[in-house]
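Work through the exercises below with the structure open beside you. Try each task before reading its solution.

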Amino acid sequence: MWLVKVFSVIYFTACAAQDSNIAVPTLGDVTSTNPLPTTTEATTIYEPPLPSLQLHSAWPNVFPSEKVEFKCSVTGSADWTFTWYRNTQQVQDPDPNVSLSAEGSTLTITAATQAYHGDYSCKAHHKTFGVTTKSNNSIKLTVYANKPKPTLTRSLTFDKMFPGELITFTCKVDISSGWEYLWYHNGTDAIQTTTTDTYTIASLDHRNSGQYHCKAKRGKHPFFTEESDTTALQVSDPPKPYLKLLSSWPDVFENETVEFSCEVDSTDWTVTWYRDQNKLQEDDQVYIADSSLNIAWINQDYEGGYACKAHLTLRKVKSGFSNTVDVTVYENTPTPTLNKVLGFNPMYVGETVKLNCSVNVASGWKYQWFEDGIELPASTETNSINLALSGQRKYSCKATRGKNVSTDFSEEIQQDVHEIPVPSLELITTWFDVFPTESVKFSCGMNGSANWTYTWYRNTQEVHADNVVNVVSDSNGATLSIRSASAEHTGLYNCKGHLKDRSVNSNFSSAQHLSVYKKKPQITLTRDPAYEVMFRGESVSFSCHINESFGWTYIWSKDNAPLLASKSKYSLNSIEPANQGVYACQAKRGSDPAFLTDRSQAIRLKVQGNQPKPVMTQQPDVKEVYTGESVSFECKVELSSGWRFHWFKDGTQLLVNSSSFNISDADSTSGGTFECMAIRDKTMYSSQHSDGRILRVAAIPVPSIKLITPWFDVFPTESVKFSCGMNGSSDWIYTWYIYTQEVQADHTASFGLDAATLFISSASASRRGQYKCTAKLKSRSVSSIFSERLTLDVYDTKPRVTLMQNPVHHVMHTEDSVSFSCHINVSSGWKYLWFKDGRLLSESGNNHTIKSVVKTNTGSYQCQAKRGGDTVFSSDQSQAVKLDVEERPRADIILLTGWSEVFSTDSLVLRCGVPGNQDMWNYTWFKEGQPINLPYSKRHTVTPQNDPEQSLYTCQGIRTGRPSYSRSSDSFKTKNLLLKRRVLLSISGCIFFGMIAVFLGCIVLRVLRKPADGEERTEEAELFLSMAQLKDRDNAACPLVQYITDTELNATFKEADENGTISSETIPLPITSQEDQDVTSESQDATEKNGGLVSFK
C-alpha cells in the first residue's frame, strides 16, 4: 500500500507541475540544462525504471561448452541488485555452469547441454526503497546439441587447375555466426586464419596442389567446430599446343593458300595465332576458325614464322608458344628447264626417250608433259616416253603446285620416231611349271609379218635344237618344242626378231619363265577331321593336296577300288560303319600324253556305330567333401580325340569347356549333381551325358568331446577317460590339448585307436585343466576347429566322509526311527557302503534308515563311499557312530468298576498306566483306533450315552522326555459288560434258590405222598427240559427276556467280534482280566442255549 501511496504522490505532483508550467525531471533527464527551481516544495514521485538487458556475447545461439554473458543495468543509478530468469523460472547461482557478478548485473552461462536453452530476462531491486522493477525485454538463447561441421567448397571445380589461376575456397557453417576460419593444407598446421569464410589463392603454382580442409572457431576461449571433409586440388602446367602445317609446303608463291592447325589435348581450349610473335588478326585473306588458320591468296606481307597459343577463356589461362613454322613467299613464278637424257634422232618404235623437266625454285612441284601440245599422263620430274610410230613429235613441259601456281611452258624438244615391231612370245602348253617327262611348246611371231627371222633365248643364252628340243620356223613365226622336259630346261625364255633385208633387230619379246621341277610332285592326302575314330552320323572329308603347279584332276580309291570323284576334295556326310576303309588319291593333268603323279599315302577311316559315353571321375573320390577343400572332376572319352567338354550342375550348364573342372574352395553352394558331355570341335558331334555324380559339401564338423567317466572333478589316483568323435566316423585321427599344450602319451596318459579316446589311469594335480581336441582326416588335408572345452578338476587329497545320525540320541527305544546319513561334500556319483560292527550291510544309498528299531539294532555304525566302474575309487571309512536300543514300555488298561457295583451304576471306569515306570505320563485314549478328543487323563469313563455300541478301547502314554510315548495297551472291549454281569448274577441267584426250592419240594413230596401198592405208577414229569427237547423247541422263550432290550435281542454275539483288535499294532493284545473272560464264557453259554436252562442229565 505504501508503494501505491508513493506512486499517487508522484502522479499528483506531476499534474501540479504541469499546471504551474514547472518541468519535473525523470530518471532519464540526467542531462537536462534546466534544473528545477530550488524553491519548489513538491515531492517527486516516479515510476521505477525498466532495466536494460543486453547480450554481451556476440551471438545468442551457442554450442556445448560455449560461454554466454548477459548484462542487466538500470540507467543512471548503481543502487540496484538483479535477479535473472530463464523461461520465467529464476536462475539459481549454485549451478556450476552459471555464475553471477557481485550485484547480479552480469550473468555468465557455460552452455553445457540444451537444458540452458530458453528466454532470459532480468528484474532490478532497489537497495534503499526495496522497489522491484518489471522485466523490460527478454533475449532468447539457443543451445545446439552438437558441434557443427563446416562444408568446404571450391569456386572452381575443375579436376586440373593451372598456374596463375585464382581459386577461392569457401568454408560454410550454416548455424549461428561470429566464426573465424582456420585453413589446412595437406593436414599440416593451419596455413591461415580468416574472419571471412573464404580463402583465396590469387595465383596458383604447383606447391598449391594437395588436400585442403577447414574448421571454424569463435569466442575468447575459442570454441572449435568439427573439421570439414577434405577436397583435393591439382595444379598442372597448361598443355603445349602443336602447330601443324596442313598445306604441303612452307615456301609458297603469291596467291597460294597456306593452312595451319593448332592441336591441343583438350577441346575446351581456344587458339590465338601469332606471326613473328605478333598476334595475328583476321582480315580479307586471313581466316581463323577454331583451331585452324587459313591464309588465302598469300603475298610477301605474310612471310614469317607462325606459332599459336592455347587459351581457356573462362579461366584466363593461356599456354606458351607452340612450335614455329617458317613460311617463305616468292614474288615471281619460275620457268622450267627441259632436257633430253642420252637422246638421239631419229629413234625407232619401241625405244624409249627420256626427258627431264626441272624447276630450281621451291619444292612440291608436279609436272605436266605435252606431246605436240597434247598433255601426256606423266606427272614426275623425269618422263621416259616409249616412242610410237610417227614421223615427228615435239615435247614440252610445265610445273604446277596446288591449285593456283603454274609455271610457263619450257622450250620444245623435237624427236623423229620410226616404229620397230616387237615379237610376241606365247606358251602353247598350259603350264609354266612342269615336271620331268612333261612336254612344253612356245611360239614367237611378229603379228603376221613374214620378213622376220627369230632367235630363241633361255636365260639370255641362245637355244639350239637337239634330240629333245626342236625349233621350227614358218611364215607365221617360229615354234620351240621340248618333248621331255628336265631340270636343265628351267629358265627365262624369250625371242628376238631380225629383219631379213636390213640389220635391224627387234627388241626381245616379253620373257616367259619355265620351271621344271626336279622330281614328280608329292601328293598329300589329309582327312578333316583327322580323328582316329569317327562315329555314325559325323561328316568327314578327304583332301588331296599338290603344293606345286595347277590344272590337276584327281583319282580317288577306297580299298584300291576306284571312286566316282575327280575333285581335290572327297566328302562323306553322315557316315556309317560301311564307310570304313583305306582311302588314297592320285593326280593327273594334260592329255597328249597325260601326266600322272604317284599315289598318295593311304588313310584308314574307322567308324564306330555307338554313341560314346564319357567317364567322369572325381578327386578326392568321396561322396562328401568339406568346406574349404578342393575338388576336381575329369571327363574322359576313351575313344578318339578332338573333344570339347561341357559341364552341368543340377542340369544347368557351367562355363567350363576343358576336360577337367576344379572347385578350389568348396562351400555350401558348391554341392550338387555334376555331369559332363563331349562335343567334337569340328563335327559338333555330341556324346551321351556321363553318369551323374552327386557332390555334397558339408561344413567341417566340430569334434564332440565327452567325458566317458562320469565326473569332471576327480581325486588323486582316480582314472579319467575322454572321448573325441566326429559323428561316429572312423576316418579321423585326433589330437588332444590341455589348454594350448598338446597332450603327449606317458606312463599315466594313453590314447585309444586314432587317439579317439584319452585315458588318464591315475589323475594328479598336473592333469587339472581345460581339455579340448581337434580332428584331421586320415586321407585328406582337412582339419577341424577345436572342440568345446571340458574342464577337469583334480583335488589334492581324497574326500572326507562324514557320518551323521538323526535324531542324535545315544539311546533309542524300540519303535523309534533312526536315520544315518553319509556325506561327501565334493563331487558326485558316489555309492555308499554301510558297516555295522565291521560287517557290510546290504544298504546302498547315502541314507540308512531304521524305521522301527529293535534291540538287535544296537551296534557301531560306519560308512564308506566309492565310485567308478572298471576302476573303483574308494574313500576312507567314516568315523564310527554308536547306537544303543532299549525296550519301549507298554501301557496297560485296568477296569476299576467292580462286581459289586454292577447294580448301582451304568458306567465303566478304565484306568491307563505304564507299569514299572515312575516318570510322569500323560495318557491318550483311543476308541476303535481313533483318538478320543478329551484332555489327557489317566482314567476314562464309558457310559451308554458316549458308547452305545460298546467299542474297543486302547490307551497310550505320552510325555516330554524320552521315550516320548509308550507302546499302546492291549484293546479292551466294553460290549454289554454291565448287562452281562447283571444277567449272570441274576441267573446264578435263580439257579441257586431254584435248586434249594426243588430240593425242599422233593423232600416234602417224598414225605407227604406215598403211592398205594399195586397202583399203576405213571412216569413223573421232568421239571426241566433235556438238551434234545430244547433243541426241538424253537419257540422256547428265554426266562430272562425281560432283562434284555430290543438292541440286545438284535445283537449278534460272536466270539470273533467280541475279541477283535483295535490297536494298529500287528501283535493282538489279549484281555488280561480273568473276570472279563468269565463273563464272556458265560455269555456264550447262555446264547448257545437260546437263553434257557438246560438239564444236565
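**Exercise 1. Describe the sheet that contains β83, β84 and β87.**

Solution. Start with the order of the strands. In this predicted model, the three strands form an open sheet in the order β83-β84-β87, and their pairing is antiparallel. Next, find the edges. Strands β83 (892-895) and β87 (939-942) are the edge strands, since each of them pairs on one side only. Then take the twist, which averages 25 degrees from one strand to the next.

Now look at one pair in detail. Strand β84 covers residues 908-913 and is joined to β87 by four bridges, the two strands running antiparallel. Within this pair, valine 909 stands opposite threonine 941 of β87. Finally, sort the residues of β87 by face. His940 and Val942 belong to its covered face, while Arg939 and Thr941 belong to the uncovered one.

**Exercise 2. Is threonine 168 buried or exposed, and which residues does it touch?**

Solution. First place the residue: threonine 168 is in strand β11, which spans residues 167-172. Its relative accessible area is 16%. Buried means under 20%, so threonine 168 counts as buried.

Next, list the neighbours, leaving out residues up to four places away in sequence. Threonine 168 touches Thr153, Arg154, Ser155, Thr198, Tyr199 and Thr200. One of these, threonine 200, also makes a polar contact with threonine 168: their side chains are joined at 3.0 Å.

**Exercise 3. Which residues have the most contacts inside the largest nonpolar core, and which strands each supply at least two of its residues?**

Solution. The largest nonpolar core has 28 residues, and Phe722, Trp736 and Tyr771 have the most contacts inside it. The strands that each supply at least two residues are β65 (704-707), β67 (720-725), β68 (732-738), β71 (757-760), β72 (769-777) and β73 (790-794).

With residues up to four places away in sequence left out, the residues it touches include Ile705, Leu707, Trp736, Leu758, Tyr771 and Leu792.

**Exercise 4. What is the order of the strands in the open sheet of four strands, and how are they paired?**

Solution. The order is β65-β67-β71-β70, with antiparallel pairing. β65 and β70 (749-751) stand at the edges with a single partner strand each, so one side of each has no neighbour in the sheet. Ignoring direction, neighbouring strands of this sheet are turned against each other by 15 degrees on average.

Then examine the pair of β65 and β67. Four bridges join these antiparallel strands. Leucine 707 stands opposite phenylalanine 722 of β67, and leucine 707 is also among the residues that phenylalanine 722 touches.

**Exercise 5. How many helices and strands are there in the chain, and what percentage of its residues is buried?**

Solution. Count the elements: the chain has six helices and 89 strands. Of its 1097 residues, 39% are buried. For the surface, the chain exposes about 63,100 Å², of which carbon and sulfur atoms supply 49%. Last, consider contacts with a separation of 6 or more: residues 24 or more positions apart account for 63% of them.

Note on methods: Residues are numbered from 1 along each chain as its sequence is written. This is a predicted model: local features need pLDDT of at least 70, side-chain atom pairs count only at pLDDT 80 or more; totals for chains, interfaces and linings use all residues. Side-chain values use heavy atoms; hydrogens and water are left out. Two strands pair if DSSP finds at least two bridges between them. Axes are lines fitted to C-alpha atoms, for helices over the stretch in contact, and angles run from 0 to 180 degrees between N-to-C directions. Buried means under 20% relative accessible area, exposed over 50%, partly exposed in between (1.4 Å probe, protein chains only). Contact means heavy atoms within 4.5 Å. Accessible areas come from the Shrake-Rupley method with a 1.4 Å probe; for residues, only the protein chains shown count as cover. A polar contact is a pair of N or O atoms within 3.5 Å; within protein, one must be able to donate a hydrogen and the other to accept it, and residues adjacent in sequence count only if both atoms are side-chain atoms. A nonpolar core is a set of buried Ala, Val, Leu, Ile, Met, Phe, Trp, Tyr and Cys residues joined through side-chain atoms within 4.5 Å.
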